[in-house]
Amino acid sequence: MNREFPDTPDEVRIDRDATRAELAQTLESLEQKLDVRPKIKQGIDDRLDQAEAKVGTVVGEPTAAKFRQGAETVRANPVPVFASLLGLIVVLRLILRRRSHED
């Protein structure tokens, strides 16, 4: 069976099935490598945990509780929160740029 091309229909089916299995495994592996959502979510969670720890040591408990509540909102809906932050940054940069051109 070391021939380049299989001769019998059974050999063709076996070769086809093996190729399909290899292709499915390769595609699954690529999908896992290219899926960045879990990595982004983990990064967001890590940053929020760090921020919660810092806020808890700097401010009082009522403020820390509010921050934790806000952090949970970000964890539950990160896209709208970050889109809003991006929009705010763009607006602030436009305002600062306009002020620098007026001077």
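Tutor: Arg13 and Asp10 are three residues apart, about one turn of the helix, and both lie in helix H1 (residues 9-34). Helices here are DSSP runs of H or I with at least four residues, strands are E runs of at least two, and both are numbered from the N terminus. This is a predicted model, where local features need pLDDT of at least 70 and side-chain atom pairs count only at pLDDT 80 or more, while totals for chains, interfaces and linings use all residues. Residues are numbered from 1 along each chain as its sequence is written, and side-chain values use heavy atoms, without hydrogens and water.

Student: What does Arg13 form with Asp10?
Tutor: A salt bridge, with the closest N and O atoms 2.6 Å apart. The term means a side-chain nitrogen of Lys or Arg within 4 Å of a carboxyl oxygen of Asp or Glu.

Student: How many salt bridges in the whole structure?
Tutor: Three. Arg16 and Asp17 meet in one of them at 3.2 Å, N to O. Glu61 also forms one with Arg68, at 2.4 Å between the closest N and O atoms.

Student: Why does Arg68 count as partly exposed?
Tutor: Because its relative accessibility is 32%; buried means under 20% relative accessible area, exposed over 50%, and partly exposed in between (1.4 Å probe, protein chains only). Asp17 is partly exposed as well, at 39%.

Student: New topic. Where is Val91 found?
Tutor: In helix H4 (residues 78-102). Val91 counts as partly exposed because its relative accessibility is 45%.
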